[in-house]
Amino acid sequence: MKFVKRIVLPFITSISLLSAPAALAKDYKMALGDAAGGTQWELGTKFAELLDEKSKGKLKVNLFPNGQLGNEQDTVNNASLGLLDFSVLAINNVTPFSPTVGLLTMPYVILSPEEAKSLTQGKIGQELVKNTVRDANVRIVGWAYSGFRVLTNSKRPIKSLKDLKGLVIRVPRNEIMMSTYQAWGVNPTPMAWSETFTGLQLGVVDGQDNPYITIDAMKFNEVQKYVTNIRYIFSIEPLIVSESVFQSQKPEVQAMILEAGKEATEHSYKFLLASEEKIKKSLIAKGMEIHTPVNAEKEWIDLAKKKVWPKFYDSIGGKAKLDEALATLGRKAH
């Protein structure tokens, strides 16, 4: 009888592990839209390191960069269904699932890293976390700060809106971002992130916008020559966890996830401040030219505020919500 137990019990144990709920998971999967080396990777690896440390090696996070687990919107959907544990992605790819987070992609609302941190970690950020759980069944547990989405292109220096004429610009499938380019007189080309490098390489599109850190990580200097320092959107990339997975964890594991997310967020902020200037110099050394818009970008800003802001008041929770954000940042209501 003892011999039978030695054979049967391990078999039963292995079956139960295969069918175990997420609550017993020791290894999690985390999707990243960007390549290794960027802000998403920095946040994700720090989070994995902290969770491993806090759990004394019991909880592991495996990272899958470069869209290996699907495009960024796919990962939100899969996390919502409980099919994926974690994802780090651009905030504009959460907006279709939870429109109020579009507040963070309204052009020229966030004008510095400090303001990005203030909004995401304050009262408004906490409200957006709750809304995302409610709307999309995913929970934001951390934030990556990637810097302003600057414009790159392969044709010519861009210093004013008239210089944009005739250029084909890749823009994510995000209504706020597309509307901004339309306000500037450009008919933007929506293109999946996974197709963007090839699109630039083949000349299907002339340019795109992303933070310096992403431009460097994705090696866009190989297919783009000119950079324009626009500041229309400060790129924020949340770390989301499937709410189904999160709720299935024991309270102590939930606490570890939240603590690791908070600490990884602070790490991301410091990483941006420490690395962006070095990356700019590196890109210049690799042959890119960096230009600044004339008149402190006034024409760009005026058109965005006039034509884009009113169009999206309803989706972000009303004009009062935008005014609240501006007041939080010490600026007057629009």
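A residue counts as buried when its relative accessible area is under 20%. In this predicted model, Gln 254 has a relative accessible area of 17% and is therefore buried. Gln 254 belongs to helix α10, which spans residues 251-285. Leaving aside residues up to four places away in sequence, Gln 254 touches Phe 246, Gln 247 and Gln 249.

Helix α3 covers residues 72-80. Its buried residues are Glu 72, Thr 75, Val 76 and Ala 79. Viewed down the axis of α3, these residues fall within an arc of 105 degrees, so they line one face of the helix. An α-helix has 3.6 residues a turn, so residues three or four places apart point the same way. The cover over the buried residues of α3 includes strands β1 (27-32), β3 (86-88), β4 (138-148) and β10 (234-242), together with helix α2 (39-54). Both ends of α3 have local features of note. At the start of α3, a side-chain oxygen of Asn 71 comes to within 3.1 Å of the backbone nitrogen of Gln 73. Just after α3, Gly 82 adopts a positive phi of about 80 degrees.

A further helix pair was examined. Helix α5 (residues 123-136) and helix α13 (residues 319-328) have axes that come within 10 Å and cross at roughly 140 degrees. Angles over 145 degrees count as roughly antiparallel, and 65 to 115 as roughly perpendicular. The two helices, α5 and α13, are therefore oblique to each other. From α5, the contact draws on Lys 123, Ile 124 and Glu 127. From α13, Lys 321, Glu 324, Ala 325 and Thr 328 take part. The residues of this contact comprise 4 charged, 2 nonpolar and 1 polar.

Key:
Residues are numbered from 1 along each chain as its sequence is written. This is a predicted model: local features need pLDDT of at least 70, side-chain atom pairs count only at pLDDT 80 or more; totals for chains, interfaces and linings use all residues. Side-chain values use heavy atoms; hydrogens and water are left out. Helices (H or I, at least four residues) and strands (E, at least two) are DSSP runs, numbered from the N terminus. Buried means under 20% relative accessible area, exposed over 50%, partly exposed in between (1.4 Å probe, protein chains only). Contact means heavy atoms within 4.5 Å. The arc is that of the directions from the helix axis to the C-beta atoms. A polar contact is a pair of N or O atoms within 3.5 Å; within protein, one must be able to donate a hydrogen and the other to accept it, and residues adjacent in sequence count only if both atoms are side-chain atoms. Axes are lines fitted to C-alpha atoms, for helices over the stretch in contact, and angles run from 0 to 180 degrees between N-to-C directions. Angles under 35 degrees count as roughly parallel, over 145 as roughly antiparallel, 65 to 115 as roughly perpendicular and the rest as oblique. Ala, Val, Leu, Ile, Met, Phe, Trp, Tyr, Cys and Pro count as nonpolar, Asp, Glu, Lys and Arg as charged, and the others, Gly among them, as polar.
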